[in-house]
Amino acid sequence: GGPGEKAGLREEDIITSVGERAVDSAGSLTRAVALLKPGSEVKVSLVRGGKAMEVPVKLGTRPTQRGEEELTPRDATPAPLSKRLGLRLSEAQDGSGGAQVVAVESGSAAERAGLVPGMVLTQVGDQKVSGVAEAAQALTSAEPGAALLLRARVPGQDGAILRAIEVPQR
């Protein structure tokens, strides 16, 4: 009854990509889907019976599993940061440190700064960040109205990019 079944995916399908992200393992499939916004539609490339095909899938949210409490993940963005800047972060998936952008709210300070899911923040202002806790602390302690310079890695690109985010007055 989930999004995959509703889109016509079958048990024996071999998923090769989700959107523009190649899939070569169950972990890479999970990461590719986790970087996308619930409710969005994505093209899933797959092989079924030896034939390549593409299937549009409207993403949902992961339901709570049986016996599992509904909790905020340990590595998730604190609520004040999400509300204040329109930004959700998680620990960098590539294991290299930093805070990975997993969602950017439309019309938010984060969107105006040019942040997009997949970017990995490595510095906020003058502070290097190795994970979500440090990034969130640096972002939430900024004075309202301040402009913070962010250094980020973009997967698949060499070097770092710089973005400036204006901290809202509220």
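Modeller: Leucine 148 stands opposite isoleucine 165 in β10. This is a predicted model, so to speak of local features we need pLDDT of at least 70, side-chain atom pairs count only at pLDDT 80 or more, and totals for chains, interfaces and linings use all residues. Residues are numbered from 1 along each chain as its sequence is written, and side-chain values use heavy atoms, with hydrogens and water left out.

That pair belongs to two antiparallel strands, β9 (residues 147-153) and β10 (residues 160-166), joined by seven bridges. The element names come from DSSP runs, counted from the N terminus: helices are H or I with at least four residues, strands are E with at least two. Two strands pair if DSSP finds at least two bridges between them. Between β9 and β10 sit six residues, making a hairpin, and glycine 156 in its turn has a positive phi of about 85°.

Buried means under 20% relative accessible area, exposed means over 50%, and partly exposed is in between (1.4 Å probe, protein chains only).

In helix α5 (residues 132-140), the buried residues include Val132, Ala135, Ala136, Ala138 and Leu139. They lie on the same side of α5, because they cover an arc of only 165° around the axis; that arc is the one spanned by the directions from the helix axis to the C-beta atoms. Here's the background: an α-helix has 3.6 residues a turn, so residues three or four places apart point the same way.

Another contributor, α4, holds glutamate 111. At 39% relative accessibility, glutamate 111 counts as partly exposed.

Keep valine 55 in mind: its C-alpha is 7.7 Å from that of glycine 8, 47 residues away in sequence. Glycine 8 is in the loop between α1 and β1, and at 30% relative accessibility it counts as partly exposed.

Next comes an open sheet of four strands, in the order β2-β1-β3-β4, with antiparallel pairing. At its edges stand β2 and β4 (51-58), each with a single partner strand, so one side of each has no neighbour in the sheet. Four bridges join β1 to β3, while β1 and β2 (residues 21-22) pair over two bridges. Valine 18 is a handy landmark: its bridge partner in β3 is valine 44, and it also stands opposite arginine 21 in β2. The β1-β2 hairpin has two residues between its strands, and glycine 19 in that turn has a positive phi of about 60°.

What does a search of the whole structure find by way of salt bridges? It finds one. By definition, that's a side-chain nitrogen of Lys or Arg within 4 Å of a carboxyl oxygen of Asp or Glu. The partners are aspartate 13 and arginine 48, with their closest N and O atoms 2.7 Å apart. This pair links distant parts of the chain: aspartate 13 is in the loop between α1 (3-7) and β1 (14-18), arginine 48 is in strand β3 (residues 41-48), and they are 35 residues apart. Buried or exposed, where does aspartate 13 fall? At 13% relative accessibility, aspartate 13 counts as buried, and arginine 48 does too, at 18%.
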